[in-house]
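Here's a quick tour of how the two chains pack and meet. Have the structure open while you read.

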Amino acid sequence: MVNPLFGILALTPLEQAINCLLQDDPHLANLIEPFASKSLEVETRQPAMSFTVLFESGRIRLSIIDSAMAGSHPDAKVKAPVSAMLSMLTADAGSRRLVNPELELSGDIEWIQALLSALHRADIQWRDLLGATLGDSLSDQLISLFEASSDWARQSNTRLKRNLEDYVKEEIRVVPGHHETDRFADQLHDLRLQLDRIAARVQALDAQLQSRISD
Amino acid sequence: MTHSTADPNPPQGETTHFGYQKVPVNEKHERVAEVFRSVATRYDIMNDLMSLGTHRLIKRFTLELSGLRQGNRVLDLAGGTGDLSIRFSPIVGKEGHVILADINAAMLKVGRDRIIDRGLASNITVAQSDAECLPFADNCFDCVCIAYGLRNLTRKERALESILRVLKPGGRLLVLEFSKPQNRFISKAYDAFSGLWPIAGKAIVGDKESYRYLVESIRVHPDQEALLAMLDGAGFVDTRFHNVLNGISAIHVGVKP
């Protein structure tokens, strides 16, 4: 465990910001209310951190004490690298958020799913959340920086995919292009139809032959 | 925080520590009471100064070790100005209850005023009481916490027995107290730093002697292992301690079987 005092120093502002948000946003507070008295132990890798989220009525508590030290059992435990944890939190509601080989879940999984689904419905106003601790000006700057970075990451990802596709299809021709594969699939489909027609015709002729023999 | 108790019938000639001095048992009670009467109004400011603010983090760590949940009952023993009671209050919630207990009326008055000012009086009760014979029913607390108070007690063993009685089976005792630094250089630096406390006490509270007692009482207080043995001897199980700031403070935990 990290030095407990450093852990407390890091978690306390985050806890205060979340509790401010819960106080100011009754919708979010109502979504969290059913989880009162539950606890979730979170253990991350890269970087290694461990803390427990304790849900209380109208507030949460972030504790650096893990279940071994507290001598108690959390309702659920999540163990994963930070990147996997973030993608689980930010994934779309329809996607299979918990299907990730890097995620280790134990305890009441149904409860984790309910919590994730509540968080997805929460529509958290990050500007308000950060503003409560960092002030409006700094939080605006940080959010703008984050939005610019995520735009850049999305555009770079799209560009990289397109360039890679052009390279392997057009330049080194390792894989056929979309049009060629579509044409080949169409030909296959036609061939299958012709075969089906021939098989049906053979069956009809065979039936005719059988009836003449019997006459 | 404060605490000391006079035995109504102490054996003749029995003495105890008051800092580096040996004093009759009954005299310690009055002298400790005088120390805390003198510093009560500026106690929290001095705490911030002497710990450079770290006492807030240490108390938060203590609170996390308590394992308290909504609806629990907790006794903040020798709780003085109510620093820990104020932190316990939102955790135990409306269904739970915190008792802030101390033998020193001056310290309790400061604590009570703080609690009322913060609007927390609904689940905190203030009780002037003696740690060595607690005026509470058997098995009624989920947690008893004594922060920076144990070293001021005249008979620590008797207080531990009393705490064990009022704890519910499975209930937890937390003792936050100054202890012995584990590193020699840190120990030297800490000794030098704590030597400045009486000077700061004179400048801020106008009382050098009380802070001289504080420094001396820390130095004669049992170290981590000795206090752990005391908890074991009193009948607590699953005892352990957590050093904080290299052992300048230590949090001892024990569970009532």
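In this predicted model, the largest nonpolar core runs to 82 residues. The residues with the most contacts inside this core are L40(A), V53(A), F55(A) and I112(A) from chain A, plus F61(B), F88(B) and W197(B) from chain B. As a general point, nonpolar side chains in soluble globular proteins tend to be buried together.

| Item | Value |
|---|---|
| Residues in contact, chain A with chain B | 19 of chain A, 17 of chain B |
| Area buried between chain A and chain B | about 1,500 Å², 58% on carbon and sulfur atoms |
| Share of chain A's buried area from L5(A), I8(A) and R61(A) | 37% |
| Salt bridges across the interface | 1 |
| Residue pairs in polar contact across the interface | 7 |

On the side of chain A that touches chain B, α1 (4-24), β2 (49-56), β3 (59-63) and α3 (67-70) each bring at least two residues. The largest share, 6 residues, comes from α1(A). By type, that side splits into 10 nonpolar, 5 polar and 4 charged residues.

Which side chains form the salt bridge? R60(B) pairs with E15(A), at 2.7 Å from N to O.

Terms used:
Residues numbered from 1 in each chain as written. Chains lettered and ligands numbered in written order. Predicted model: local features only at pLDDT ≥ 70, side-chain atom pairs only at ≥ 80, totals over all residues. Heavy atoms only, no water. Contact = heavy atoms within 4.5 Å. Buried area = accessible area lost by both parts, 1.4 Å probe. Salt bridge = Lys/Arg side-chain N within 4 Å of Asp/Glu carboxyl O. Polar contact = N/O pair within 3.5 Å; in protein donor to acceptor, adjacent residues only side chain to side chain. Helix = DSSP H or I, 4+ residues; strand = E, 2+ residues; numbered from the N terminus. Nonpolar A, V, L, I, M, F, W, Y, C, P; charged D, E, K, R; others polar. Core = buried A, V, L, I, M, F, W, Y, C linked by side-chain atoms within 4.5 Å. Buried < 20%, exposed > 50% of the residue type's maximum accessible area, 1.4 Å probe, protein only.
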